[in-house]
Amino acid sequence: MKVYLDNNATTRIAPEVLDAMLPFLTEKFGNPSSFHSFGSDLMEEIEAAREKVAALLGAHAGEIVFTSGGTESDNMALTCSASINPLKPGLVTSTIEHPAVLETAECIRSRGHPVGLSEVNHDGTLNMDSFISLITEQTGLVSIMMANNETGVIMPVEETARIAHERGALFHTDAVQAAGKIPIDVRSSGIDMLSISAHKLHGPKGAGALFIREGIDLPPFMLGGHQENGLRAGTYNTAGIIGLGVAASLAAEHLLEEKGRTGLLLGRLEAGILEKCPGAIIVSAGARRLPNTATVLFRGVESEAVMTLLDIEGICVSSGSACSTGEETSSYVLAAMGIGADDANTALRFSLSRYTTGREIDCVLEVLPPIINKLRKISPYANR
Ligand code: PLP
């Protein structure tokens with residue numbers, strides 16, 4: 001039995017999504033931008049997918065731009081916003097954003113524009129004093145993620161959007177991990193731009209969208225064609241867009257039921273771990289979190305060793321640390337929360353999905369504790 005609890009990395013394609021996509025990879029292969037009907041008829045299907053994505057977010061279809069995924073949506077929102085108003089090229093974001101935001105922010109800074117990174121508190125929530133202090137007259141965009149991919153902590157999007165607007169800045173949120181897991185309403189939340197990615201909500205990889213509120217006039221991001229009102233040139237990824245549309249509809253349809261169901265499964269997992277692995281710590285336990293995400297510190301036990309042994313047993317989870325250029329580096333998210341490298345290197349992230357079952361949670365609760373307890377006995381770092 002394979003137990004896949006790494007759904008914040010990517011999710012399984014829903015069967016309904018695959019079925020809807022297949023004709024666009026076979027007989028309906030035309031180019032939607034073609035003059036002839038074999039291609040141009042597909043434009044209607046693309047527009048139907050746009051409606052579905054808009055419905056998930058409480059937006060109008062005309063406010064949705066299709067992209068290749070969350071990374072591109074984040075790049076587009078930040079890069080294009082920096083050149084809307086030359087008097088306000090500055091950006092304020094936070095230290096725990098995804099690299100798609102952080103590295104784009106660094107690029108904006110390297111062009112000489114002011115960039116501020118707000119600190120977070122020990123529980124992974126936004127430090128409001130730090131956030132507010134960074135916004136200046138030059139700030140044109142504030143970008144705060146809706147929920148963090150490592151801890152699952154839900155950020156105060158409405159409040160940060162309101163503060164951004166009071167200071168004359170636009171507000172973008174990376175909702176890649178939040179979409180389909182918690183309700184989103186761009187209007188009541190005051191969101192100007194929002195990024196989503198299909199493969200995090202049981203859609204295909206390589207498809208995503210950026211919501212851009214009507215009235216915001218962004219300069220083109222990709223040049224070389226008239227697609228997406230000239231904002232994002234390039235031949236349509238028809239199958240991917242259709243897949244994203246169906247994935248968005250399914251996510252909306254199942255949202256409330258799944259929020260409750262995965263929340264209960266996550267609670268069962270966390271309670272079982274705390275009971276069977278003495279000393280385990282649930283990161284951001286007291287904060288408002290996504291119903292599907294738990295990062296746990298197993299002090300004294302290297303997460304890489306645990307992941308390897310779990311992998312042998314068919315259980316897929318991920319660690320709080322990112323492997324770059326073959327060198328193990330601690331998670332910058334946990335570091336920003338004040339968690340030291342020794343502890344951060346013991347972090348395991350469990351992320352559930354619509355397809356996670358109670359049996360799978362029970363399997364983890366059977367397999368994981370003996371691994372932790374055995375490794376802890378032989379670890380030179382344990383009991384320090
Ligand atoms: N933003 C967040 C919060 C993410 O978790 C991810 C993916 O892990 C991305 C952006 C990037 O999305 P994509 O893989 O679609 O480029």
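**The ligand shell**

The shell around the ligand is made up of two nonpolar, eight polar and three charged residues; Ala, Val, Leu, Ile, Met, Phe, Trp, Tyr, Cys and Pro count as nonpolar, Asp, Glu, Lys and Arg as charged, and the others, Gly among them, as polar. This is a predicted model, in which local features need pLDDT of at least 70 and side-chain atom pairs count only at pLDDT 80 or more, while totals for chains, interfaces and linings use all residues. Residues are numbered from 1 along each chain as its sequence is written, and side-chain values use heavy atoms, with hydrogens and water left out.

In total 13 residues surround the ligand, the closest being T71, D174, Q177, S197 and K200 (near means a heavy atom within 4 Å). Helix 4 (residues 70–81) gives the largest share of this shell, three residues; helices are DSSP runs of H or I of at least four residues, strands are E runs of at least two, and both are numbered from the N terminus.

A backbone N or O atom of G70 is 2.8 Å from a ligand oxygen atom. In the side chain of Q177, an N or O atom lies 2.8 Å from an oxygen atom of the ligand, and for the side chain of K200 the distance is 2.6 Å. The protein buries 86% of the 390 Å² that the ligand exposes when taken alone (Shrake-Rupley method, 1.4 Å probe).

Elsewhere, four strands form an open sheet in the order 9-10-15-12, with antiparallel pairing (strands pair if DSSP finds at least two bridges between them). Strand 9 (281–282) and strand 12 (318–319) are the edges, each pairing on one side only.

Terms used: A polar contact is a pair of N or O atoms within 3.5 Å; within protein, one must be able to donate a hydrogen and the other to accept it, and residues adjacent in sequence count only if both atoms are side-chain atoms.
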